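Here is a short report on charged side chains and their pairing. Look at the sequence and the structure first.

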Amino acid sequence: MSSEMQRSEWWGPALFYAFPDRLEEESSDAITSIVLVCHRDVSVLFDQGSTYSYMSSYFTSYLVMLRDSLSVSVYVSTPVGDSIVVDRVYRWCVVSLGRYQTRVDLLLLDMVDFDVILGMDWLSPCHAILDYHAKTVTLAMSVASIRLERDSWPLY
């Protein structure tokens, strides 16, 4: 998120989609990478099917930052049809892509497949273009244009 973007305090119904048990090479609907989040290399799923962005409870054990309570709980629908109540958030987490830094609020979610899921609340303000065939993410922001290509990043 750039400094000119405002954070929303509205937390409505949320969705996230993860693809456990599927290798990315076999999946045309997943883009993953190792990205610097909160100054640590983490496994990230770029997910345009996810309303919000999430951080795994496992990854939080490495953080030296406070978490907040949400004023309204979020009910997250999982890929298997269950609902999980999310009521904690890590605010203004730094996502570093090259020399460019963005910020995102990460909801605390008990998951094991990824450290972070970057959803539409991050993808949209960064003007992200996801190319599932080429496995690229292009951030076409006014201050910079960044293209992450399959051969230039480690993939899970």
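Aspartate 68 is partly exposed, because its relative accessibility is 35% and that class lies between the 20% and 50% cut-offs. The model is a predicted one.

Aspartate 68 pairs with arginine 91 in a salt bridge. Their closest N and O atoms are 3.1 Å apart. Aspartate 68 sits in strand E5 (residues 68–77), and arginine 91 sits in strand E6 (residues 83–97). The pair links distant parts of the chain, 23 residues apart.

Arginine 91 is buried, with a relative accessible area of 17%. Arginine 91 also forms a salt bridge with aspartate 105. Here the closest N and O atoms are 3.4 Å apart.

Is aspartate 105 buried or exposed? Aspartate 105 counts as buried, because its relative accessibility is 5% and buried means under 20%.

The two salt bridges are set out here.

| Salt bridge | Closest N and O atoms |
|---|---|
| Arginine 91 and aspartate 68 | 3.1 Å |
| Aspartate 105 and arginine 91 | 3.4 Å |

Which residues do the shared partners join into one network? They are Asp68, Arg91 and Asp105. In general, side chains of opposite charge can pair when their charged atoms come close.

How values were computed. Residues numbered from 1 in each chain as written. Predicted model: local features only at pLDDT ≥ 70, side-chain atom pairs only at ≥ 80, totals over all residues. Heavy atoms only, no water. Salt bridge = Lys/Arg side-chain N within 4 Å of Asp/Glu carboxyl O. Helix = DSSP H or I, 4+ residues; strand = E, 2+ residues; numbered from the N terminus. Buried < 20%, exposed > 50% of the residue type's maximum accessible area, 1.4 Å probe, protein only.
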